[in-house]
Amino acid sequence: MSEAGRAAGRPDRFFAAALRFARTTGHTGIDVSAAGRIAPRKKGANTMCGRYQFSWEESRMLARIREAVRKAGAQAPRDEVFPSDGAPVLVLREGKVVPAVMGWGFPGMQGGRNVINARAETAEERPMFRDGVAARRCVVPATGFYEWDADKRRYLFRMPARTELYMAALYGVFGGEARYCILTTQANASVAPVHHRMPLVLRAQEVRPWLEDEQTARRLLHETPPELERRETDGQLRLW
């Protein structure tokens with residue numbers, strides 16, 4: 001069984017592996033309750049969802065997460081997160097939702113590109129993701145995510161009337177490094193004009209159930225995400 005598989009259902013082993021890697025290498029995969037530092041990594045492929053916004057100055061919640069990361073000695077996330085970057089995610093530990101820093105993307109097969117997305121519809125069946133669905137779920141906090149249309153115009157998608165957007169994700173430990181993968185699903189009416197896929201966006205009240213309850217999480221894998229507002233990078237705003 002792989003290291004990631006052995007860690008399934010054992011959060012303490014996951015955190016120990018993540019912290020051990022951080023202390024010995026200074027790279028990603030640290031629990032923000034202990035010291036460590038993130039080193040930038042080579043950027044991955046720009047696929048859906050291939051870039052998102054962590055604008056902590058706009059969100060009190062993200063500012064708190066950033067401060068927790070900074071106080072723990074980790075490098076604070078930048079405003080625009082790229083594949084392979086280290087960034088905060090939310091996990092359940094000892095009954096509490098806490099931030100941890102992980103690298104974005106599972107290592108690809110046979111040295112291929114990092115796998116930064118997983119299809120929510122088939123994640124329960126895929127060997128790479130099914131253990132994560134059962135026992136290693138996390139949430140990616142953001143202020144929005146980016147997508148490009150067929151004409152290469154960039155759009156920013158955000159939750160209407162909220163400063164935070166939460167994306168469902170899975171995590172694993174690979175070679176001692178904690179990494180996460182964002183789940184995607186069929187685009188709803190607000191995203192479909194730009195792209196046929198979108199991240200599995202959770203409502204704020206779904207964050208804890210996603211982390212805490214496996215059966216609820218399996219149901220949420222097949223739910224339609226909430227409608228989002230979209231803004232072209234030139235500033236034009238549309239609700240959907």
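A residue counts as buried when its relative accessible area is under 20%, as exposed when that area is over 50%, and as partly exposed in between (1.4 Å probe, protein chains only). The structure examined here is a predicted model, in which local features need pLDDT of at least 70 and side-chain atom pairs count only at pLDDT 80 or more, while totals for chains, interfaces and linings use all residues. Residues are numbered from 1 along each chain as its sequence is written, and side-chain values use heavy atoms, with hydrogens and water left out.

Side chains of opposite charge can pair when their charged atoms come close. With a salt bridge taken as a side-chain nitrogen of Lys or Arg within 4 Å of a carboxyl oxygen of Asp or Glu, the structure holds 13 salt bridges.

One of these joins Glu-177 to Arg-179, with 3.3 Å between the closest N and O atoms. Glu-177 is buried, at 4% relative accessibility, and Arg-179 is buried too, at 9%.

A second pair to look at is Arg-203 and Glu-206, whose closest N and O atoms lie 3.5 Å apart in a salt bridge. Here Arg-203 is partly exposed at 30% relative accessibility, whereas Glu-206, at 15%, is buried.

Arg-218 and Glu-214 also form a salt bridge, at 2.7 Å from N to O. These two residues are separated by about one helical turn, because they sit 4 residues apart in helix H6 (residues 214-220); helices are DSSP runs of H or I, at least four residues long, numbered from the N terminus. Both partners are partly exposed, Arg-218 at 21% relative accessibility and Glu-214 at 29%.

Finally, a network of salt bridges links Arg-51, Glu-80 and Arg-154.
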